[in-house]
Amino acid sequence: MNRRLVQYARFIVLVLCLAVAGSVRDALEHQRANMGMAATGVDLKNAPRALVFATVALGGFRGLIANFLWIRMSNLQDQDKYFEMVQLADWITKLQPRLKQVWIHQAWNMAYNISVKFTEPQDRWRWVSRGIELLRDEGLRYNPDQALVYRELAWFFQHKIGQELDDAHMYYKYQWAVTMTRAIGTNRNGYLELIQPATDDARERARFLRQVLKMDPALMKAADEKYGPLDWRLPEASAIYWAMIGLEKSRPADQDSLRRVIYQSTLQSFQHGALLKIDNQKKRVVLGPNPDMVARMVAIYDKMLADEPVKKDMINRAKRNTIRQCVFHLYMNNRMAEARYWFNYLKENWPDDYQVNQSGGDLDTFALRQITEGVGETDRVKTTAILMAYTRTAFLSLIEDEDDRATVLLDMCKRIWQNHQSRVPKDPGSIARLGLEPLSLIQSNVLNQLLAPESGLTPEAKAVLLSKLKLNTTK
Amino acid sequence: MRRLWAIVTLTWKAAFRYRLFWVMLGLLLLAVVGLPVLLKDDGTARGFAQIVITYTLSSVTALLGMATLWLACGTLARDIEECQIQMIAVKPIPLWQVWLGKWIGLLTLNAVLLAIAGACIAGLIQWRAKHLPPEEQETLRREVLVARGSLKEPPIDFRPIVEREFQRALKEKDIPPADRPFVRQQIEERVKAYYQLVPPGIVRQWIIPAGHVRNLNENEPLHVRVKFYVVRTNESGSYIVAWRFGRPTGPRRVPDIIKSMAAESVVEFTIPAAAIEEDGRLIINCTHAEDNVLLFPLEDGLEVLYREGGFGLNFARGLGVILCWLGLMAAIGLAASSFLSFPVAAFFSLTMLILVFSSGSMAASVEEGTIMGVDHETNAPSNPVIDAVMLPVFKGMLAVVNLARSFSPVESLSTGRSIPWETLGLAFVQVVLLLGGVFAAVGMIVLSRRELATAQGTS
């Protein structure tokens, strides 16, 4: 009798345990789904077989296996063994596909930590592109609504490739320009013909753009209209593209970082957003400022002020600094009307601005002060802009028969170039990162710009310029 | 010998009868051919070859290892449980020969399967290599599909220097006896730092005996592998380091190299074998002008690799080391099944395997000097009693386990490093003769003394 009672008691305890477990199960599943930790039935419907297998067959053991793989990865990295990293990152992310931090960490590790362990630019680029591919091709597939994943991907383009902190940044920019050229051709807006591709070549390039680079030409057009004109062969355009898609797909509460990427990338696009040349021999690109971005940038700042009133002071300061730069670049590119317009805007909105006051409210003095400061720094982008602007003005002076002025300007170019180069540390890393292109190359790029059909110069003016430079068109 | 051979043949026949041979062969070929299709490499031919060698060889070892343990436990335990062994026991063959015959049978079975799998892996890699561009083929041939020997600076004996400095310190100051070990340790650290740190403008010289490679063609490449740390990291993580080869004041046999190098990572560059002096020494000098201090660790700060032989024979030696491991597993399985039933023997063998895999945790505990951790407030071990008992046990177990684990053929093959004949010989002695011999002796003695008729049948 007692034995039977014990059996009944055991059975009741068993049923109670099952009931309790069953009652909390729904709540737990709900929490997991809310926190983005579970691959739900809906997620698995169209998921690849490898992920379905990992999720269903391994069940709770996924965590254990993932831990083992993390430890192995960490150990191998400590021992400078990188050949398994791509595979291990693939497995780890497949085991925890909905944990966005896992994707971000793995991609960041490859693009930032592993890449700098190599000396050769091509080795570094391999790891940077692996990081991008992991997020773009896989991470977004499983986390299409996660702002952080979009932000990280956009950040790789804006910061790792777009900025100049890495010794190999020029090689990255070159590789990205070559990749994008394969898709959109040599025009900055070559994506337009890929929206409705009419030829076999265009269809093939559209396939490459959509399937390999995962970019939609229609969305590129939308981004260009909203934030451009962008040169899509440069990384900043891609940064803006991915941040823009993130804004459309993620929760409004998570979107601040995406907006910031767009603002910063737009500013970068203004500073060096014109691709002047892809140098296949030296495997680098020649960049120049893109003054067409000014109005767009100011509009973006205004929107930012409306979106984030709590950061009004900070955004206002950034806007003022940007407009200062814009005035300078417009002035140097001989776009005097626009320079004057924005200079007046600066005076009206920041009447107590130190730089404006120091220049006595005079545009020429203001620009001169900017030049003096610019040539005293080792800012490659700013010095290149100054050199291009001086050269441009010198060439235009030649057309206007002001040969003496042109000579003075070209001589000043030479001194600015030498002054900058003398300030750059002499090691190859710093030279690659901070050094200028040869002056002759910078000047020939300006010449090419002026001779291009869209420059607005008359054929006669071009002929005068070529004649004064002792060149002829055949040459 | 004929009797022994008969048992070997019976083991082989059983392997075919139960289709074990074909199933294993199928699984191995699936792993060898299938894995390279599924694996994601780093995008280089070298990375692909490395990951294929690592994963295919590891999976072949794992598959064969598990199968060997399972089969070794099954073949003897089932024979005993199903009373088939009694048919043999009445024949004029001692039971220790039955044990040995089964072991040789398993070992030869593994040898054949391993040879087939190994030939497929080598063939697959060579086939893939042939379809690569010539420069990638050259990189593979130079860095992975090769047996590279290693040259290093001989270890420096710091003891006499430390002792001399310590005695000088004793003369200069009155150091209380309680502080002396600490002072000695500080002096040792200082002496080591002197050898490891390279301030700007100071030359660090490595003198490496390379007499045995003096006859290399003078254009034959030597791969210098360098790893250094820096006191302050800069923005780019790279530093300019200048290298000179030979006596600093002597004639230049090889041009100097000035190179931007990433810190905290292995950087490899090539110099011709002409850099080796006529007296058989390779002298490497390093300096820099960075506003920084570089630290070259004594153990792996600088290593020179040279071509010692081809990939094929090196690969075969690597497989030989793996076969030694399989021989040990067969001995463990057979020894366990000599006195345990099949399920218990299998459990025992797997436990032994887990023990071997846990040796990393054991080594970490021994290195930290505690198993249960340290009380962060008092900095004393949390449970000194457990530590006092278990640490010596761990040390003993590690000493035994390391006899087998100290070989890493897969890693050597994937990084193009040579596995010398001495290493294979040492593996045979340590793994097969010593460790395997202990299990074999236990198994043979127990089986010979066991009353076979008392075994309980399972059917």
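The legends below describe close-up views of a predicted model with two chains, A and B.

Figure 1. Chain A has 475 residues, and 40% of them count as buried. Its secondary structure comes to 24 helices and two strands. The C-alpha trace of chain A spans about 120 × 50 × 50 Å along its principal axes. Take the contacts in chain A between residues at least 6 apart in sequence: 59% of these join residues at least 24 apart. For the model, the scores are ipTM 0.72 and pTM 0.71.

**Figure 2. Overview of chain B and its two domains.** Chain B has 459 residues, of which 32% are buried. Its elements are 14 helices and 11 strands. Taken along the principal axes, the C-alpha atoms of chain B fill a box of roughly 80 × 65 × 40 Å. Domain 1 of chain B is made of two stretches, 2-145 and 331-454, while domain 2 covers 159-309. The centres of these domains, taken over C-alpha atoms, are separated by 39 Å. Among contacts in chain B between residues at least 6 apart in sequence, 82% join residues at least 24 apart.

**Figure 3. Confidence along chain B.** The average pLDDT of chain B is 85, and 98% of the residues score at least 70. Among the elements of chain B, the lowest mean pLDDT, 78, belongs to helix α4 (residues 85-89). The highest, 93, belongs to helix α9 (residues 311-337) of chain B.

**Figure 4. The side of chain B that touches chain A.** In this view, 20 residues of chain B are in contact with 20 residues of chain A. Three elements of chain B give two or more residues to this side: α3 (45-81), β6 (238-245) and β7 (257-262). Of these, α3(B) gives the most, with four residues. Sorted by class, the side of chain B that touches chain A has nine polar, seven nonpolar and four charged residues.

**Figure 5. The nonpolar cores.** The largest nonpolar core has 186 residues. Which of them touch the most other members? They are Ile240(A), Ala243(A), Val327(A) and Leu328(B). Helix α3(B) gives the most to this core, with 18 residues. Ile240(A) touches Ala223(A), Tyr227(A), Leu230(A), Ile262(A), Ser265(A) and Thr266(A), leaving out residues up to four places away in sequence. A second, separate core has 29 residues, among them Val224(B), Ile284(B), Cys286(B) and Leu302(B).

**Figure 6. The hairpin of chain A.** Strands β1(A) and β2(A) form a hairpin with four residues between them. In the turn, Lys283(A) has a positive phi of about 55°. The strands β1 (residues 274-279) and β2 of chain A run antiparallel and are joined by five bridges. Asp279(A) stands opposite Arg284(A) in β2(A). Strand β2(A) takes in residues 284-288 and is mostly covered, with five of its five residues buried. In a regular strand, side chains alternate between the two faces of the sheet. In β2(A), Arg284(A), Val286(A) and Gly288(A) point one way. Val285(A) and Leu287(A) point the other way.

**Figure 7. Strand β9 of chain B and two of its partners.** Strand β9 (residues 281-287) of chain B runs antiparallel to strand β3 (residues 204-209) of chain B, and six bridges join them. Within this pairing, Pro209(B) has Arg281(B) in β9(B) as its bridge partner. β9(B) is also joined to β6(B) by four bridges, and these strands run antiparallel as well. Trp243(B) stands opposite Cys286(B) in β9(B). Cys286(B) is also a member of the core of 29 residues.

**Figure 8. Surroundings of Leu209(A).** Leu209(A) lies in helix α11 (residues 200-212) of chain A. Why does Leu209(A) count as buried? It has 23 other C-beta atoms within 10 Å, and the cut-off for a buried residue is 20 or more. Apart from neighbours within four places in sequence, Leu209(A) is in contact with Ala183(A), Leu194(A), Met215(A) and Pro217(A). Asp313(A) is 104 residues apart from Leu209(A) along the chain, and 41 Å separate their C-alpha atoms.

Notes: Residues are numbered from 1 along each chain as its sequence is written. Chains are lettered from A and ligands numbered from 1 in the order in which they are written. Two residues are in contact if their C-beta atoms, placed from the backbone, lie within 7 Å. Ala, Val, Leu, Ile, Met, Phe, Trp, Tyr, Cys and Pro count as nonpolar, Asp, Glu, Lys and Arg as charged, and the others, Gly among them, as polar. A nonpolar core is a set of buried Ala, Val, Leu, Ile, Met, Phe, Trp, Tyr and Cys residues joined through C-beta atoms within 7 Å. A residue is buried if 20 or more other C-beta atoms lie within 10 Å of its own, exposed if 12 or fewer, and partly exposed in between; C-beta atoms are placed from the backbone. Domain bounds come from an automatic or database domain assignment. pLDDT is the predictor's confidence in each residue, from 0 to 100. Two strands pair if DSSP finds at least two bridges between them.
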